[in-house]
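Here is a short briefing for a first look at this structure. Keep the sequence and the 3D view side by side as you read.

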Amino acid sequence: MQTFEKQLNRFKTEPGFIAALDQSGGSTPTALKAYGVNEDAYDTDEEMFNLVHKMRSRIITSPSFRGDRVIGSILFENTLDREIEGKASSLYLWEEKNIVPFLKVDKGLEAQANGVQLMKAIPGLEALLQKAKAKDVFGTKMRSVIKLADPVGIQALVEQQFKVAKQICAAGLVPIIEPEVDINSPEKGAAEVLLKQEILKQLDLLNSNELVMLKVSLPETANFYQTCITHPNVVKVVALSGGYPIEEANRRLTENNGVIASFSRVLTNNLFAEQADADFNSALSATIEPIYIASKT
């Protein structure tokens, strides 16, 4: 069985959740500060990225970060270009940990219009996809944000996501389509209704060989995305924590059968640079276990 088929089979048949370790340039200082590394610890972007790679490497190499609980991990391009213990980061994940690697490909968000923030253009996407494919990356992730229940904006956002998704499918990867609904939106439930309608419309336009994953905010209605989960073009529906505290995120996750976590911020909440390895590994395991259990529901 080829690598892609093995990775696809993992997602179709085995339990676990996705660890999103893909903070990019804009969010890296915040991630480092939460980890206990302040901005006075580095002077240049390169020094900053060295520090965040050290943090990510510590997480990935931890004995608590195992393929029997973590089924996939999303990387930033800067991480893809670096090594962990002498091996390309994505190859280390797959070959040493049995964790399926993904790559964040979006370049950030446009200003809000019609209640949404579309993705910025992604220059050089084709070359990036080929580089990822050569390093056994299974799929990609791209994020846009919904603030209000505006049908015009939501339709445009979903159409943009699927247009890029088809390009990613053509390159032999599986795109994670992430139309995040802001958890603080005063119209969150109504926005989710419009979003699901547009997603299902676009899913039905895919060819049988175009497989995608969906990454959604934890919905207001339990089991809201069941029709997406059972769609033949959907490999998996995953949920972002979106700013909910981990207890609330896990509670909501348990209400959505067949949805697994793809958490980022909550994963590293109790990890700090100055922790001894035993304390670091214990704290990471204590966070991973309830996310894993909630993802099995």
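A residue counts as buried when its relative accessible area is under 20%. By that cut-off, five of the five residues of strand β5 are buried, so β5 is largely enclosed by the rest of the structure. Keep in mind that this is a predicted model.

**Strand β5**

- Strand β5 covers residues 100-104.
- Its side chains point two ways: Val100, Phe102 and Lys104 go one way, while Pro101 and Leu103 go the other.
- Both groups are buried.
- Strand β2, residues 70-75, pairs with β5 in the parallel sense over four bridges.
- Within that pairing, Ile74 has Phe102 as its bridge partner in β5.
- β5 is also joined to β7 by three bridges, and these two strands run parallel.
- Phe102 stands opposite Gly139 in β7.
- Lys104 stands opposite Lys141, also in β7.

**Leu103, a residue of β5**

- Leu103 lies in strand β5.
- Is Leu103 buried or exposed? Its relative accessibility is 1%, so Leu103 counts as buried.
- Setting aside residues up to four places away in sequence, Leu103 touches Ile74, Leu75, Phe76, Glu77 and Leu80, among others.
- Lys131 is 28 residues from Leu103 along the chain, and their C-alpha atoms are separated by 10 Å.

- Strand β7 spans residues 139-146 and is mostly covered.
- Seven of its eight residues are buried.
- Strand β6, residues 116-117, runs antiparallel to β7, with two bridges joining them.
- Gln117 has Val145 as its bridge partner in β7.
- Strand β8, residues 174-181, runs parallel to β7, and eight bridges join the two.
- In this pairing, Met142 stands opposite Ile177 in β8.

**The largest pocket**

- The largest pocket holds about 800 Å³ of space.
- It is lined by 36 residues, and the closest to its centre are Asp22, Gln23, Ser27, Ser264 and Arg265.
- Which element gives the most to the lining? Helix α2 does, with three residues.
- By class, the lining has twelve nonpolar, 13 polar and eleven charged residues.

**Thr28, a residue of α2**

- Thr28 has its place in helix α2.
- Why does Thr28 count as buried? Its relative accessible area is 0%, so Thr28 is buried.
- Leaving aside neighbours within four places in sequence, Thr28 is in contact with Gln23, Met48, Phe49 and Val52.
- One of these, Gln23, is also among the residues closest to the centre of the largest pocket.

Notes. Residues are numbered from 1 along each chain as its sequence is written. This is a predicted model: local features need pLDDT of at least 70, side-chain atom pairs count only at pLDDT 80 or more; totals for chains, interfaces and linings use all residues. Side-chain values use heavy atoms; hydrogens and water are left out. Buried means under 20% relative accessible area, exposed over 50%, partly exposed in between (1.4 Å probe, protein chains only). Two strands pair if DSSP finds at least two bridges between them. On a 1 Å grid over the protein atoms alone, a cavity is a set of points where a 1.4 Å probe fits but cannot get out, and a pocket is an open set with protein on both sides within 12 Å along at least five of seven lines; lining residues have an atom within 4 Å of a point. Grid points are joined across faces, edges and corners, and a volume is the space filled by probe spheres set on the points. Ala, Val, Leu, Ile, Met, Phe, Trp, Tyr, Cys and Pro count as nonpolar, Asp, Glu, Lys and Arg as charged, and the others, Gly among them, as polar. Contact means heavy atoms within 4.5 Å.
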